[in-house]
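Q: Please take a close look at a single part of this model. I would like one connected answer that starts from one residue and then moves on to the place where the chains meet.

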Amino acid sequence: MKVSRAIFAPGPAARRAMALLAALALAGLYALAAGGFRSSALYAFFVSPFASPYAFFSLLERAAPMLVCAAGASIALRSGAMNLGGEGQVAFGALASALAIEFLSGLGTSPLLAQILAFIAAMAAGAFLAWISAAAEKWSGADIMLTSFLLSQAAVIAVDWAVGTALREEGSNLLAMAPVPAAYRMLRLAPPSPLSAAAPIALFIAIASYLFLSRTEKGLEIELYGRNSRFARAIGIGSGIRKLAMAASGALGGFAGAFLVLGPAGRAMKGMTGGLGWDGLSAALVAGSDPLIAAPAALFFSWLDAGARQGSLLADLSPDAGAIMKSAALFLVTAAAIGGGSRRGAARGAAREAARGEVREAESGARAAAPRREEGTL
Amino acid sequence: MSASLIASFAASALGAAAPIALAALGGLYTAAAGSLSVAIEGSILVGAFAAASIGSASGSLELGLLGGALGGALLAATVAGAANKLRADVFVAGLAANMLAGGAVSALSQSFFGTKGVLPSDALGRGAAHSGSGGFSFLGQGSAFLVLAAAAAILAIMYATSVFGLRLKASGQGSEAARAAGIEPDRYRFVAHLVAGAAAGLAGAYMACTVAAFVPGMSAGRGWIALAAIYLGGRKPAGITLSCLLFGSLFALSNLLQGLRGQVAENAELLQAMPYLASALAFILWKRRGRKAARRKGAMGESS
C-alpha cells in the first residue's frame, strides 16, 4: 500500500501547531521534574488556569492586550519592519490614556466619550513613537529594529519616571498615578473576575487587522512592500507605506497600553508593561504575523504564564517557567517554520540576505521565519 | 570643573564603555559571518549571573570571570545550534534566547540562592577598583578591566589580521564562494556565535564585578547598544571602540548628573533615558551622513 508523502510533510500551520505541542510537552516535563514527579504539579500548570471561571477569565484578560500588541507587531512584520519598540509604545499609550482620562473626568465628560478619547490619545502616542523610527529610516536609512528598541527603552524609563515621580498620586504608597474613577473604567463582564470588555475588543481588533491586511488596498501595499520593497517602489508604492504600517503597529501598542489603565488595575503604575510588548511580538512571530492566528497564540502564551503562576502557588514551581516555555515555543516554531520542506528555500534566501551582514537583512530573515502564506498567493 | 571630577568622569565613562565594546567586538564576528546575533543582550545577563554564582560559590574572581564567559557562550550555542542544525531563523532564535535568559536566570537564582533579587559576590568585588582600598587600580579601573581589555584587544587583532578573521569574513560574503575556497561557512558561523556569546558573557561578568553583585535586569539594553555600535563604528574594531566610548560617556554623564543635588537628583531616573535617546540619535545622524556620502560618491562617479 502506498502512503502519500504529504502526510509526513505537513504545511507551515501544522508544523507550527506541532511546535507548540512540543513546547507544551516540554512544559509538562518541566512541571513534573520541578514538582517532584507529582501529578499535582501537572494539574497546577495545565489544568488550574481553566479550573474555575475566575482563573479562566483572568487568563483571557491577560491575553487581551497581548493580542492587540501581536496584531500591531504583525502589521509591522508584514511591511518588512521588525518593531522592537512594543514595550515603549505600550507605556506611552498607557500614560497618554491615563492623562486623558484624568483631564476628561475632571471636566465631567461622559464616561463613554472620555474612554473613546482616551483610547484615541493612547493610539496617537504609540503611533507617534513608532512612526519616528520609520521616518528616521526614510530620512537616514537607520534600521527600524535598532531605533525602535532604543527609543522604546528611553520611553519606558521616561514613563516610569512620570508615573512614579512627576505625576505620582500624593500621599500614596504606590508608585502610581491616581486611580481612574470607577465610572470611567472599562465594563467588567464577569465580576468579581478581572474579565473586562478588553477581551472582546481585542478579538475585534485582531479580526479588523486581519481584514485590513488581507482585504484592503493598503494592506496589499504593505504586504507587497514587505515582500519586495524594490518591486513595490517600481509599481509606485512608496516608503510611506512602511511609515503607515509602523504607525498602525505603534497605535495598537498604545491601545494595549490603554487596556492596562482603563482595565481592572484602573491606574497607570510604574513597570506596568511587564514585558507585554515582547510577548506580543513573540505571539506575532509564533502566529506567522497573521493577526487571526495571533489570537490562539496569545491565549497559549497567557496559558503558560497563568500555569506558571498557579504552579508557583500550588506546586512550588518557578513563576518564571512561563517565560522559559514561551522562549521554547519561539525556538521550536522558528525551527519548524523554516526548517523543513518548502520553507528550506526561504531559509536559504534569508541566509543569503543576512550574509550581507546588514541589520536590515536580519529583519528580512525574521520575516522569512514568520511566513504568512504560501508564496505566490498574493 | 575640578581635576578630580574630570578623572572620575573619565573612569566612569571607560568603565561603562568597556563591556559594551567587548560585546560589540564579539557581535562583530557574527555580523561578519553573515549571521548577526541579537542574543548578545541575553548573554550579558547570563554571563553576569554565572559570574556572580560561581564567584560567590568558589570565592574566586578568576573562576567567576571564566564562568561568565562560559555562561554567555552556552546561551549563544543554543542560538547557533538552532540556526545551524534546525535551520531556525537566527534573529528569532536570538529573541527567544533573550527571553530564555531572563526567565532562566530568575528561576535558577530562586532555586539555588532562594532569591530573585540582588546576588552579592565579594569575590567579584575584588575585580573592581575601590577608592581607598589600596588594591589594584589602572585608569580608575580594577583588575577585571585588564582581562576585559585584553579580551577586546585579542578579538580586534584576530578579526583584523588573522587567517581565521579572513575566513570568517569570507564565509559571510557568500556561502558558495567560500565553499569553493574550502571554507565551511556554517562552521565559522557557529564559532562566531560562540565567540560573541563568550565576549558578551565576559562583559556581563565585568558589569557584575563593578557592583560586586548580580542585579536582575542589569544588562538593561546594553546588548542592543552594542549592536548599534557595530554599525555606528562602520564594522571596524577601531570605529566600534570609539562608538562605545561615546556611549560610555553618555552613561557616565547620566550617572554624574544623577549624583548632583537638588532638582536634578529628584529627577535622576529620567536621566537614565538619556544614553538610549542619544544612542538612537547618534545612530540616525551617522546613517544620514553615510547616505549623503554615498550619494556624493555616486554623483562624482557619474560626472567622471
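A: The model is predicted. Lys326(A) lies in helix H13 of chain A. Its relative accessibility is 5%, and because buried means under 20%, Lys326(A) counts as buried. Leaving aside residues up to four places away in sequence, Lys326(A) touches Asp279(A), Phe301(A), Leu304(A) and Asp305(A), and also Met99(B) from the other chain.

That last contact leads to the interface. The contact between the chains takes 53 residues from chain A and 51 residues from chain B. About 4,400 Å² is buried between chain A and chain B, and carbon and sulfur atoms give 73% of this area. On the chain A side, Trp139(A), Leu150(A) and Phe331(A) lose the most area to chain B, together 16% of what that side buries.

Nine residue pairs, both members at pLDDT 80 or more, are in polar contact between chain A and chain B. Sorted by class, the side of chain A that touches chain B has 31 nonpolar, 12 polar and 10 charged residues. Two salt bridges cross the interface of chain A and chain B. Lys270(A) forms a salt bridge with Glu269(B), with the closest N and O atoms 3.2 Å apart.

Note on methods
Residues numbered from 1 in each chain as written. Chains lettered and ligands numbered in written order. Predicted model: local features only at pLDDT ≥ 70, side-chain atom pairs only at ≥ 80, totals over all residues. Heavy atoms only, no water. Contact = heavy atoms within 4.5 Å. Buried area = accessible area lost by both parts, 1.4 Å probe. Salt bridge = Lys/Arg side-chain N within 4 Å of Asp/Glu carboxyl O. Polar contact = N/O pair within 3.5 Å; in protein donor to acceptor, adjacent residues only side chain to side chain. Nonpolar A, V, L, I, M, F, W, Y, C, P; charged D, E, K, R; others polar. Helix = DSSP H or I, 4+ residues; strand = E, 2+ residues; numbered from the N terminus. Buried < 20%, exposed > 50% of the residue type's maximum accessible area, 1.4 Å probe, protein only.
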